[in-house]
Amino acid sequence: MQYTFLIIFFIFGSILGSFYNVVIYRLPRKESIVVGSSHCPNCNTNIKPYDLIPILSYFILGGKCRSCKQPYSFRYALIEFITGCLFALTYLVYGYSWFTLIGIILVSVLLIITMIDIDTMEIYDTFQVILLVLAILFITQSGLPLGDHLIGFFIISVPFYILALITGGMGGGDIKLIAMGGLLLGWKATLVAFFIASITGGLVAILLVLLKQQGRKSLIAFGPYLCLGIYIAFLYGNTLFDWYLKFYS
Ligand SMILES: [Zn+2]
């Protein structure tokens, strides 16, 4: 039975992922995300409903617009696929529960933040507000003391803020992101999130230097790594934290 639900969550995620593509594309261009059907960015032809099947349409159409034959970016299909996987993973970890519902909303917001941050180096306050609301909802369900959540809000964001004041190197969006994420996660999982973000961000930075690609500034944005850290910490954070303590005691 669980496999059926996994597939349903995957399909549901990939359908929503197709909507997230619209949000990621249109928000930075100040276009409405509700008005106007999907159209080819090259020839403006409206995309037929039967060509909007998540993931599959890309392969059916051979990655090209049906009318002008301009190639589409593979990224759209990839985001649909990733959203589907993340929804299924959330269900796999938390089953039929409030955690799963909050988790799929959380991962959706984090995915959109990540892609827009990669494209524009900006994190919109709208998404920080959604994270704040989500954090408040989650606090009522998490089973952690309220104090853990409140400390989570400050534990990384305050050092980030001080670092930003001193060096000017840390973006305001990143500070708010780890504050909201921290409020949701509680302080233990927030440390795990930060650890994961630093390790992955650091590894990619080293890789870019080795490949002599450090000019690609978009890959150095810290937001995407924070998003990754926050989500892994949401799924496994408190387990990882306890495991770490046991390992070193
Ligand atoms: Zn076209």
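**Exercise 1.** Determine which residues of H8 and H9 meet, and classify the packing of the two helices.

*Solution.* Step 1: from H8, Ile 178, Gly 181, Gly 182 and Leu 185 meet Trp 187, Ala 189, Thr 190 and Ala 193 of H9, where contact means heavy atoms within 4.5 Å. Helices are DSSP runs of H or I with at least four residues, numbered from the N terminus.

The model is predicted: local features need pLDDT of at least 70 and side-chain atom pairs count only at pLDDT 80 or more, while totals for chains, interfaces and linings use all residues. Residues are numbered from 1 along each chain as its sequence is written, and side-chain values use heavy atoms, with hydrogens and water left out.

Step 1: two packed helices are described by the angle between their axes and the distance between the axes. For H8 (residues 172–185) and H9 (residues 187–210), the angle is about 135 degrees and the axes lie 7 Å apart. Axes are lines fitted to C-alpha atoms over the stretch in contact, and angles run from 0 to 180 degrees between N-to-C directions.

Step 2: H8 and H9 are therefore oblique to each other, the class left over once angles under 35 degrees (roughly parallel), over 145 (roughly antiparallel) and 65 to 115 (roughly perpendicular) are set aside.

**Exercise 2.** State whether Gly 182 is buried or exposed, and list its contacts.

*Solution.* Step 1: Gly 182 lies in H8. Step 2: its relative accessible area is 0%, so Gly 182 is buried; buried means under 20%, exposed over 50% and partly exposed in between, with a 1.4 Å probe and protein chains only. Step 3: leaving out residues up to four places away in sequence, Gly 182 touches His 149, Gly 152, Phe 153 and Thr 190.

**Exercise 3.** Describe the span and covering of H4.

*Solution.* Step 1: H4 (residues 98–120) has 23 residues and reaches 33 Å from its first C-alpha to its last, close to the expected 33 Å; the expected span is 1.5 Å times one less than the number of residues. Step 2: H4 is mostly covered, with 17 of its 23 residues buried.

**Exercise 4.** Locate Asn 44 and Lys 69, and give the phi of each.

*Solution.* Step 1: Asn 44 sits in the loop between H1 (2–26) and H2 (56–60), and Lys 69 in the loop between H2 and H3 (75–94). Step 2: phi is near 65 degrees for Asn 44 and near 65 degrees for Lys 69. Most residues other than glycine have a negative phi.
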